[in-house]
Amino acid sequence: SIMQAAQAKQLDAKSAKEVQTFIEHQHQIQQIQAVVGKITDLCWEKCVSKPGASLTDSEKNCIANCSERFLDTSMFVVNRMQSKQGK
């Protein structure tokens, strides 16, 4: 019937939206994982010269500072680009 066809079409649109939202969410997760991997690589190379059984306090502090600076810089760049796009 026409009613069933309309309901099916509405359900299809809803399903498509749910799939789109899921894909966007997965893409965001991948982007976050990529950033975490980049920070880990960058800060590890910068801060850990001789890997041992555990990190020294100095290495831990270096990694924490390195990570914070990376995130601060990334946020600055993103905000700067967004403000330029708004002009």
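Buried means under 20% relative accessible area, exposed means over 50%, and partly exposed lies in between (1.4 Å probe, protein chains only). This is a predicted model: local features need pLDDT of at least 70, side-chain atom pairs count only at pLDDT 80 or more, and totals for chains, interfaces and linings use all residues. Residues are numbered from 1 along each chain as its sequence is written, and side-chain values use heavy atoms, with hydrogens and water left out. The structure holds two disulfides, each a pair of cysteine sulfur atoms within 2.5 Å.

**Cysteine 43 and cysteine 66**
- A disulfide joins these two cysteines, with an S to S distance of 2.0 Å.
- The pair links distant parts of the chain, 23 residues apart: cysteine 43 is in helix 1 and cysteine 66 is in helix 2 (residues 57-86).
- Helices here are DSSP runs (H or I, at least four residues), numbered from the N terminus.
- The torsion about the S-S bond is about -85°, so this disulfide is left-handed.
- Both cysteine 43 and cysteine 66 are buried.

**Cysteine 47 and cysteine 62**
- The sulfur atoms of this disulfide are 2.0 Å apart.
- Cysteine 47 lies in helix 1 and cysteine 62 in helix 2, so the pair ties together parts 15 residues apart in sequence.
- This link is also left-handed, with -70° about the S-S bond.
- Cysteine 47 is buried, with a relative accessible area of 10%.
- Cysteine 62 is partly exposed, at 23% relative accessibility.

**Pattern and helix 1**
- With bonded cysteines counted along the chain, the disulfides follow the pattern 1-4, 2-3.
- Isoleucine 23 sits in helix 1 (residues 2-47).
- Isoleucine 23 counts as partly exposed, at 48% relative accessibility.

Methods
Helix = DSSP H or I, 4+ residues; strand = E, 2+ residues; numbered from the N terminus.
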